[in-house]
Protein chains: 2
Amino acid sequence: MSESDVGFKAAFDEAHQGAEEGGVPIGAALVSADGKLLGSGHNMRMQRGSATLHAEISALENAGRLPASVYHGATMYTTLSPCDMCTGACVMYKVKRVVIGENKNFLGGEEYLKSKGIEVVVLHNEELQTLMTKFINEHPEEWYEDIGEENH
Amino acid sequence: MSESDVGFKAAFDEAHQGAEEGGVPIGAALVSADGKLLGSGHNMRMQRGSATLHAEISALENAGRLPASVYHGATMYTTLSPCDMCTGACVMYKVKRVVIGENKNFLGGEEYLKSKGIEVVVLHNEELQTLMTKFINEHPEEWYEDIGEENH
């Protein structure tokens with residue numbers, strides 16, 4: 001697992017596309033056991049008024065209907081540590097591995113994923129950290145809304 | 001919490017609408033602390049080829065963007081015990097309560113919800129049990145796909 005992976009690149013590009021659109025800059029991509037990109041997506045809260053299209057949910061949705069066996073060998077790449085909803089989606093579909101760009105701006109369900117036997121890799125990518133920190137500083141209301149927290 | 005609640009009725013009707021459409025017959029509804037229906041929806045796997053629009057996700061999506069405080073007092077009604085993804089969505093948004101039509105056909109993240117301080121009520125509604133059992137018997141492939149399990 002590294003930053004040269006097709007999945008990481010797709011998630012990274014999705015996060016930047018989200019930023020360009022003025023949205024929450026988080027991207028994700030689902031990659032099959034044999035390295036095929038099954039789907040990618042980014043957070044659509046601001047673009048579509050969506051309360052559920054976090055990056056990982058977008059990637060799963062864009063990948064479409066798949067047999068359970070495809071998820072079981074798959075890797076979910078996400079630019080930011082996954083929230084409880086996206087963690088739960090990875091647990092429900094029993095993906096094999098979750099590769100996370102950074103967890104400095106938000107630490108999600110990494111321990112819960114591990115407790116379910118899912119491999120977790122954190123890349124500590126500084127460019128993604130900077131991208132996310134910038135968004136949170138400029139749009140705190142939207143960021144806290146996105147994770148269901150009140151902005152104190 | 002009872003079967004006369006506006007939320008239960010909305011979720012129940014959504015499940016039946018899903019059945020009429022030939023889809024996975026699960027419905028959900030989100031109701032505010034003061035009893036207002038914020039949104040409802042049903043599973044859209046078969047209707048839209050969706051891998052993420054489980055009933056609870058549909059209800060959250062149809063409710064649209066809301067401040068965190070609205071979720072915190074809200075109740076999620078769902079006709080079937082929630083899978084890990086939908087459980088995680090309720091945990092992320094910190095809903096106050098989850099009311100479940102039945103858990104005989106599928107037992108989801110009820111204990112996890114309780115561990116996070118969310119009240120869980122199970123109604124053991126026989127009509128919903130029958131509706132779901134009929135679907136599972138007639139469409140085992142779609143049902144197992146919907147919960148990310150291989151059909152053995």
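A search of the whole structure, which is a predicted model, finds zero disulfides over all chains, a disulfide being a pair of cysteine sulfur atoms within 2.5 Å. Cys83(A) takes part in none, and its nearest cysteine sulfur, that of Cys86(A), is 3.9 Å away. Cys90(A) is likewise in no disulfide, with the sulfur of Cys86(A) the nearest at 7.2 Å. Cys83(A) is buried at a relative accessible area of 4%, and Cys90(A) is buried at 1%; buried means under 20% relative accessible area, exposed over 50% and partly exposed in between, with a 1.4 Å probe and protein chains only.

Local features need pLDDT of at least 70 and side-chain atom pairs count only at pLDDT 80 or more, whereas totals for chains, interfaces and linings use all residues. Residues are numbered from 1 along each chain as its sequence is written, chains are lettered from A in the order in which they are written, and side-chain values use heavy atoms, with hydrogens and water left out.

Asn43(A) sits in the loop between β2 (37–42) and α2 (45–48) of chain A; helices (H or I, at least four residues) and strands (E, at least two) are DSSP runs numbered from the N terminus. Asn43(A) is buried, with a relative accessible area of 0%. Leaving aside residues up to four places away in sequence, Asn43(A) touches Val24(A), Ile26(A), Leu53(A), His54(A), Ala55(A) and Asp146(A), contact meaning heavy atoms within 4.5 Å. The side chains of Asn43(A) and Asp146(A) are joined by a polar contact of 3.0 Å, that is, a pair of N or O atoms within 3.5 Å, of which, within protein, one must be able to donate a hydrogen and the other to accept it, residues adjacent in sequence counting only if both atoms are side-chain atoms.

In chain B, five strands form an open sheet of mixed pairing in the order β2-β1-β3-β4-β5; two strands pair if DSSP finds at least two bridges between them. β2 (37–42) and β5 (119–122) of chain B stand at the edges with a single partner strand each, so one side of each lacks a neighbour in the sheet. Strand β1 (residues 27–31) of chain B pairs with β2(B) in the antiparallel sense over five bridges, and Gly27(B) stands opposite His42(B) in β2(B).

Chain B can be laid on chain A with an RMSD of 0.0 Å by a turn of 180° and a shift of 0.0 Å along the axis, with superposition by least squares on the C-alpha atoms of residues with pLDDT of at least 70 in both. This is the relation of a two-fold axis.
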